[in-house]
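The points take up strand pairing, the interface, the salt bridges and the database annotations in turn.

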2 protein chains.
Amino acid sequence: MPHIPEPQPVSVPPAGSRSAAPAGQGAAALPEEVAALLKRDAAGLVAAVVQQFDSGEVLMLGWMDDEALRRTLTTGRVTFWSRSRREYWRKGDTSGHVQFVKSVAVDCDGDALLVTVDQVGAACHTGTRTCFEGRGLAAVVGHRGA
Amino acid sequence: MPHIPEPQPVSVPPAGSRSAAPAGQGAAALPEEVAALLKRDAAGLVAAVVQQFDSGEVLMLGWMDDEALRRTLTTGRVTFWSRSRREYWRKGDTSGHVQFVKSVAVDCDGDALLVTVDQVGAACHTGTRTCFEGRGLAAVVGHRGA
């Protein structure tokens with residue numbers, strides 16, 4: 001159950017600006033109550049696990065800073081921070097493989113998000129449905145009572 | 001489908017030793033073919049998404065270095081690297097909330113693992129089944145064709 005006040009629709013600042021909006025100037029910013037929940041890494045990022053809302057498939061893992069999370073919470077579309085390209089990346093803008101947001105939750109220690117989505121087409125840039133498909137490692141299986 | 005040779009059962013070095021085993025001395029190490037797939041962060045870690053194998057629930061996100069992954073692949077139990085305690089952490093050893101390994105896959109760019117498990121009891125140290133339960137954020141929902 002959501003326990004955070006509903007964010008108000010806000011204008012989106014130009015991509016590439018990662019600095020927090022100055023307080024009291026009406027600029028878009030992640031609500032303080034949400035920002036206070038996050039435990040960011042040295043680069044200011046948290047991990048975002050993306051899951052297909054109906055099938056339960058884990059599609060991919062991306063990274064978000066406060067601004068990427070703000071956009072994800074307020075626009076119905078998933079935006080990541082691309083660590084390799086160092087820019088915001090709204091999933092599907094070039095590939096068409098859009099992720100429509102269904103829910104967002106933060107974990108108990110604030111370093112991970114779970115974003116459920118409706119994924120159009122392949123989540124992976126390689127063309128597979130998920131980024132983990134066909135990439136299994138040999139593992140010893142464990143069992144209860146073993 | 002696994003495309004990596006089956007790891008051989010190996011002895012487990014003492015927890016706290018994070019240095020790679022010297023080559024050619026028969027010490028336990030992650031197979032080179034697996035290690036070559038990983039893109040570790042500055043701390044030598046990759047993110048590990050843990051999912052209940054049958055229900056599809058995303059239970060938690062943890063962190064693994066090469067040795068934690070080696071133990072996870074070879075013992076049937078999930079081992080993480082605890083960033084806060086700076087030690088290996090075999091899930092359930094103190095809580096009883098064991099994770100039995102069902103499968104492990106690496107993602108397309110090597111910075112994330114998907115570990116499916118059979119989770120005994122609560123995955124979260126707070127007592128909830130998953131680390132995301134009851135921690136939803138207010139989000140605008142998106143729709144195809146909107």
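This is a predicted model: local features need pLDDT of at least 70, side-chain atom pairs count only at pLDDT 80 or more; totals for chains, interfaces and linings use all residues.

1. Two strands are taken to pair if DSSP finds at least two bridges between them.

2. In general, the strands of a sheet pair through backbone hydrogen bonds, in either a parallel or an antiparallel manner. Inside this sheet, S1(A) and S6(A) are joined in the parallel sense by 6 bridges. Ala47(A), for instance, is placed opposite Ala112(A) of S6(A).

3. In chain B, strand S5 (residues 99-106) and strand S6 (residues 112-119) run antiparallel and are connected by 7 bridges. One position in that pairing is Val104(B), whose bridge partner in S6(B) is Val115(B).

4. The extent of the interface may be stated as follows. Chain A contributes 53 residues to the contact, and chain B contributes 53 residues. About 4600 Å² is buried between chain A and chain B, with carbon and sulfur atoms giving 63% of that area.

5. Polar interactions across the interface also deserve mention. Between chain A and chain B, 22 residue pairs are in polar contact, both residues being at pLDDT 80 or more. On the chain A side that touches chain B, at least two residues each come from strand S1 (46-52), strand S2 (58-64), helix H2 (66-75), strand S5 (99-106), strand S6 (112-119) and strand S7 (136-137). S5(A) provides the largest share of that side, with 6 residues. Sorted by class, the side of chain A that touches chain B comprises 32 nonpolar, 13 polar and 8 charged residues.

6. The rule for salt bridges finds 4 of them across the interface of chain A and chain B. One joins the side chains of Asp118(A) and Arg144(B), at 2.7 Å from N to O.

7. Over all chains, the count by this rule comes to 20 salt bridges. Among them is the one in which the side chains of Asp109(A) and Lys39(A) meet, at 3.9 Å from N to O. Asp109(A) sits in the loop between S5 and S6 of chain A, and Lys39(A) in the loop between helix H1 (32-35) and S1 of chain A, so this pair ties together parts that lie 70 residues apart in sequence.

8. The annotations come from UniProt. An unreviewed entry places the feature "domain: Phosphoribosyl-AMP cyclohydrolase" at residues 60-133 of chain A. Over residues 60-133 of chain A, the chain is 14% helix and 39% strand, with the end C-alpha atoms 10 Å apart.

9. Which residues of chain A does UniProt list for "binding site"? The unreviewed entry gives Cys108(A), Cys124(A) and Cys131(A). These residues are spread over 24 residues of sequence and are also spread in space, with up to 27.6 Å between C-alpha atoms. Of the three listed, Cys108(A) is found in the loop between S5 and S6 of chain A.

Key: Residues are numbered from 1 along each chain as its sequence is written. Chains are lettered from A and ligands numbered from 1 in the order in which they are written. Side-chain values use heavy atoms; hydrogens and water are left out. Contact means heavy atoms within 4.5 Å. Buried area is the accessible area (1.4 Å probe) that two parts lose on being put together, summed over both. A polar contact is a pair of N or O atoms within 3.5 Å; within protein, one must be able to donate a hydrogen and the other to accept it, and residues adjacent in sequence count only if both atoms are side-chain atoms. Helices (H or I, at least four residues) and strands (E, at least two) are DSSP runs, numbered from the N terminus. Ala, Val, Leu, Ile, Met, Phe, Trp, Tyr, Cys and Pro count as nonpolar, Asp, Glu, Lys and Arg as charged, and the others, Gly among them, as polar. UniProt positions are given in the numbering used here, feature names are shortened, and annotations may be inferred rather than shown by experiment.
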